[in-house]
Amino acid sequence: MKKLFIGICALFLAIGLTGCGGGDTASDEKTLTVSATLDPHSKILEEAKPILKEKYDIDLEIKVLDDYYIFNKALDAGEVDANYFQHRPFFEGELSEHGYKIVEEAGIHLEPFGFYSQTIKDIKDIPENGEVIISNSVADHGRILGILEDAGVIELSDDVERLEATTEDIVSNPKNLSFEEIKPELLATAYQNNQGDLVAINGNYALQAGLNPTDDALIIETVDADNPYVNIVAVQEGHENDEKIKALIEVLKSDEIKQFVEDEYKGAVVMVD
């Protein structure tokens with residue numbers, strides 16, 4: 001029986017299957033799988049891909065997704081090695097709600113959030129009883145409302161932390177604006193279909209729609225070192241020090257990638273140290 005078992009294992013190995021007690025193959029050890037949204041995350045990773053291969057002999061596999069609520073579930077389940085799509089408040093909300101065993105590896109970039117309009121050319125022209133279309137992601141609400149407050153459009157209660165603010169915390173709304181919530185991936189479509197008077201669009205979805213926040217937004221978020229909405233790379237707990245993960249972060253923070261982002265996005269994406 002022992003000889004028969006050895007023979008079966010040899011046959012399995014010959015046709016590339018596992019199941020006789022082996023570990024990862026050498027090719028698996030050289031592959032790093034990262035999920036990302038299309039733009040700018042996957043495009044930045046595409047730029048990093050040949051650098052990872054040349055410097056570390058790592059094959060980067062990029063899985064492009066567009067549903068925010070799939071990413072962390074897949075990472076927690078071990079379907080990918082890392083993800084790169086989310087800012088810290090969203091990440092922290094996911095951990096609190098789902099208890100995922102994942103951690104932040106590093107902050108990489110910021111995408112200024114903007115308000116766009118097909119009809120309004122100046123903030124003073126926002127109409128009475130206007131409609132503002134915003135993300136239904138609660139993690140974005142404090143950010144969106146904070147931008148409007150900074151622009152003098154609304155005022156939020158002093159009794160709430162800005163990151164946790166909702167429309168219920170608006171204490172002054174001179175234009176009597178109403179707020180409609182839709183999925184983040186539909187915001188750019190709403191803008192293109194001329195829905196609402198203002199549409200608050202996440203930076204990556206604005207880019208996918210051919211918009212540049214620095215040029216096209218009626219109101220744009222201020223980007224500074226204290227901005228909590230830095231986009232991060234997340235990994236499973238216990239894999240923070242994996243050599244492939246460390247190599248990825250080193251490349252994403254390299255001068256080559258910083259230059260690419262500056263040239264490609266011209267301020268619509270800002271790398272952080």
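## Helix H3 and Glu47

Glu47 sits in helix H3, which covers residues 38-56. Helices (H or I, at least four residues) and strands (E, at least two) are DSSP runs, numbered from the N terminus. This is a predicted model, in which local features need pLDDT of at least 70 and side-chain atom pairs count only at pLDDT 80 or more, while totals for chains, interfaces and linings use all residues. Residues are numbered from 1 along each chain as its sequence is written, and side-chain values use heavy atoms, with hydrogens and water left out.

Glu47 counts as partly exposed because its relative accessibility is 35%. Buried means under 20% relative accessible area, exposed means over 50%, and partly exposed lies in between (1.4 Å probe, protein chains only). Apart from neighbours within four places in sequence, Glu47 is in contact with Ile257 and Phe260; contact means heavy atoms within 4.5 Å. Glu47 and Val251 are 204 residues apart in sequence, yet their C-alpha atoms are 9.6 Å apart in space.

## The course of H3

H3 has a kink of about 30° at Ala48, shortly before the proline Pro50. The bend at a residue is the angle between axes fitted to the seven residues ending there and the seven starting there. Just after H3, Asp57 has a positive phi of about 55°.

The buried residues of H3 include Ile44, Leu45, Ala48, Ile51 and Leu52. His41 is also in H3, and it counts as buried because its relative accessibility is 0%. The side chains of His41 and Glu111 are joined by a polar contact of 3.3 Å. A polar contact is a pair of N or O atoms within 3.5 Å; within protein, one must be able to donate a hydrogen and the other to accept it, and residues adjacent in sequence count only if both atoms are side-chain atoms. Leaving aside neighbours within four places in sequence, the contacts of His41 include Tyr84, Phe85, His109 and Asn204.

## Nonpolar cores

A nonpolar core is a set of buried Ala, Val, Leu, Ile, Met, Phe, Trp, Tyr and Cys residues joined through side-chain atoms within 4.5 Å. The largest one has 32 residues, of which Leu45 and Val233 touch the most other members. Among the elements that give two or more residues to this core are H3, strand E1 (31-36), strand E12 (231-236) and helix H10 (243-252). H10 supplies the largest share, six residues.

Beyond its neighbours within four places in sequence, Leu45 is in contact with Val34, Ala36, Leu60, Ile62, Tyr84, Leu248 and Leu252. A second, separate core has 19 residues, including Leu145, Leu156, Leu198 and Ile219.

## Aromatic rings

The structure holds eight aromatic pairs. Rings of Phe, Tyr and Trp (its six-membered ring) pair if their centres lie within 6.5 Å; planes under 30 degrees apart count as stacked, over 60 as edge-to-face and the rest as tilted. Tyr69 and Phe90 form a tilted pair, with 5.5 Å from centre to centre and 55° between the planes. Tyr69 lies in helix H4 (residues 68-76) and Phe90 in helix H5 (residues 88-98), 21 residues apart. Tyr69 counts as partly exposed at 40% relative accessibility, whereas Phe90 counts as buried at 6%.

The pair of Phe71 and Phe85 is stacked, because the ring centres are 4.0 Å apart and the planes are at 10°. Phe71 lies in helix H4 and Phe85 in strand E3, so this pair ties together parts that are 14 residues apart in sequence. Both Phe71 and Phe85 are buried. One aromatic cluster is formed by Tyr68, Tyr69, Phe71, Phe85, Phe90 and Tyr205.
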